[in-house]
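Welcome! Take a look at the sequence and the structure below, and then let's walk through a few of the features together.

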Amino acid sequence: MNVNLKTTTASHPLDPLSLQELALASSILKREKNLHDKCRFPYLHLAEPDKQEVLAHVPGQSFSRRAFALVLDKLTGNTFEALVDLNSQTLVHWQPLDIDTQGHAPIMIEEFDLCVEAVQNDPAWRAAVKRRGLTDADIENVQIDPWSFGYFGDEDRYRGKRLMRGVAFYRDKLTDNGYAHPIEGLVAIIDLNKGEVIELLDDGRLTPIPKATINYDSASLGQPRDGLKPLHITQPEGVSFSVDDWKVSWQNWEFRVGFTPREGLVLHQLGYRDSGVVRPILYRASVTDMGVPYSDNALNHYWKCAFDGGEYGLGRLANQLELGCDCLGAIRYFDVPSVNDQGEPFVMKNAICMHEEDYGTLWKHYEFRTGVFEMRRSRRLVISFFCTVANYDYGFFWYLYQDGTIELEAKLTGIIQTAALAPGQRPASGGGMVTPEFYGPTHQHFFSARLHMMVDGEHNSVTETNFQSRPQGEGNTWGNVFDSVTTTFTHELEAAREANGQTGRFWKIINPNIKNAVGNHPGYKLMAEHNPVMLAQPDSSFGRRAGFASKHLWVTPYAPNERYGSGDYPNQHRGDGLPVYTQNNREILNQDLVVWHTFGHTHICKPEDFPVMPVEYVGFKLKPNNFFNGNPAMDLPASRDHASVQDGQPASCCKHNA
Ligand code: ABN
Ligand code: CU
């Protein structure tokens, strides 16, 4: 297949589709399938080429260029998966999706508005909110949260329908923070293709609507605190990274930036230059979904389990970042070509932010005997994006460090879901009181990171190490010796594991075919946080739908069609993804491996979370372990930061007094 230079300006097979390519793909689809104006494009993005084709790619030579699309016909409710070959300008695949068994297309942005209209126009819903004290004029300002429907058995009345739930919040004016005024015990079920409410759930309790105004816009917050002097981050000589289209090089690191509507930021082909050679570590890394199951028995909440990746789109809902606010210093933004629901291309400006950050001490020693002092500061490269999925805002920050460490940090902020209480009542399911009038239902946030590993080559294994104390006796005369016990996973089901703080459990991805200078296999250690896994019952709706969250670790042999921890289409799906991928217990020893890591936050709400929650941080690190033959950052320069010092101090961070 030859690249037709009229249709692509891409320089690499993994470059996201350009505006021209997106326009071409949607026009080919419209032409080939005679798509009418009620057809929508919940997905349209690069179909990443086969891994072997990517690895074999030689700059300047031809490569395939294909677009994946999900097309929804709103008149019939039919959904199709499509593949367009942009080089030959042909439709090469067109397959209907069985929505009852395979799940539905993710919720589109226009459906957020449709949901509000359908609910506000529904006579039964209007009557129900009037019973709770609202007037026709109030209804104009009511906020409707567009919730994914979930899956609670395949009742006939729901089969084949594209559904959503609408939950209401009172607002005195449109710019009020509705989450301070939840309308309790009332849920509308909307048929999205019909554009109407088909069922209204009402607990009939008429819980009073919390009335206190708690806004967070600057005007409402009043006079800000004072005392903050300017803090500038400057790089007078420019940045230390270089960017060539989507390829980035920085401090021995090399990688490519990618972006998909579902995952947002993707890092491709990440490697570290060591003795002049780029050693591969990750073929591809991303967060494939984020699920939030709620722990509450009440009518407004028991069904809440949003998949912000697979049902809404972390990338699709990315923010356009603001220089000097979201991002400080010498920033390189990436604009991301995208399409709207109609398949029309547009640019998401400033969707990805990249910059360098000082990170304190990397290594240091003061030799008290000789007065020799050496220290080197650490710098990290930050590649990030933020998205807003209705109430919550999530930042995804990848960090690369000069010592070979890779980190992903998710930042959770925004506004919690709220639930009204009758006077004197406490949350029945154990949620956290936020104000005297309302609480926040307890919930868990689960992220599913997919790490297609490539430590020094395509064949890797995964080991688990646990610490254990050794009985006193032979070989442990004084009782001080303890052991670390390491096993290597051979099959998928052995590698479905939970973290264990008591044994200091950790996992390593190694290349068993290579040995380093001390006879060990080069590897990267996955440093997990020890947060609870899914606490909903395994056989419950959430337990099945967010099955990926029942374990912190999964390891699968690479299969191109296994891309998302929660499966391809979690919207209205009974449950897919990792528990299904691993059920055949395939071999994972010395194979092309994908390591899946579930990490998350179990959130009991509290007054400090409101009105906007200070950032909560969760994530993981991948740290080199026997990958290098010594500290790879010994070659850092000792130069001192000029802006921090007075004249007369030496220019470097080393002192030899002896
Ligand atoms: N943060 C999930 C979500 C999506 C839609 C509406 C409310 C909440
Ligand atoms: Cu939360």
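## Around ligand 1

Strand β5 gives the largest share of the shell around ligand 1, three residues. Strands (E, at least two residues) and helices (H or I, at least four) are DSSP runs, numbered from the N terminus. Both β5 and α8 (308-312) supply at least two residues of this shell. Its members, each with a heavy atom within 4 Å of the ligand, include Asp145, Pro146, Trp147, Asp308, Tyr312 and Asn391. By type, the shell has six nonpolar, two polar and two charged residues.

Now for the nitrogen atoms of the ligand. One lies 2.9 Å from a polar backbone atom of Val389, and a polar side-chain atom of Asn391 is 2.9 Å from a nitrogen atom of ligand 1. Taken alone, ligand 1 exposes 260 Å², of which the protein buries 98% (Shrake-Rupley method, 1.4 Å probe).

## Helix α5

Which residues of helix α5 are buried? In α5 (residues 123-131) they are Trp125, Ala128 and Val129, where buried means under 20% relative accessible area (1.4 Å probe, protein chains only). They sit on the same side of α5 because they cover an arc of only 95 degrees around the axis, taken from the directions from the helix axis to the C-beta atoms.

Just after α5 comes Gly133, with a positive phi of about 100 degrees.

## About the model

This is a predicted model, where local features need pLDDT of at least 70, side-chain atom pairs count only at pLDDT 80 or more, and totals for chains, interfaces and linings use all residues. Residues are numbered from 1 along each chain as its sequence is written, chains are lettered from A and ligands numbered from 1 in the order in which they are written, and side-chain values use heavy atoms, leaving out hydrogens and water.

How values were computed: Buried < 20%, exposed > 50% of the residue type's maximum accessible area, 1.4 Å probe, protein only. Polar contact = N/O pair within 3.5 Å; in protein donor to acceptor, adjacent residues only side chain to side chain. Nonpolar A, V, L, I, M, F, W, Y, C, P; charged D, E, K, R; others polar.
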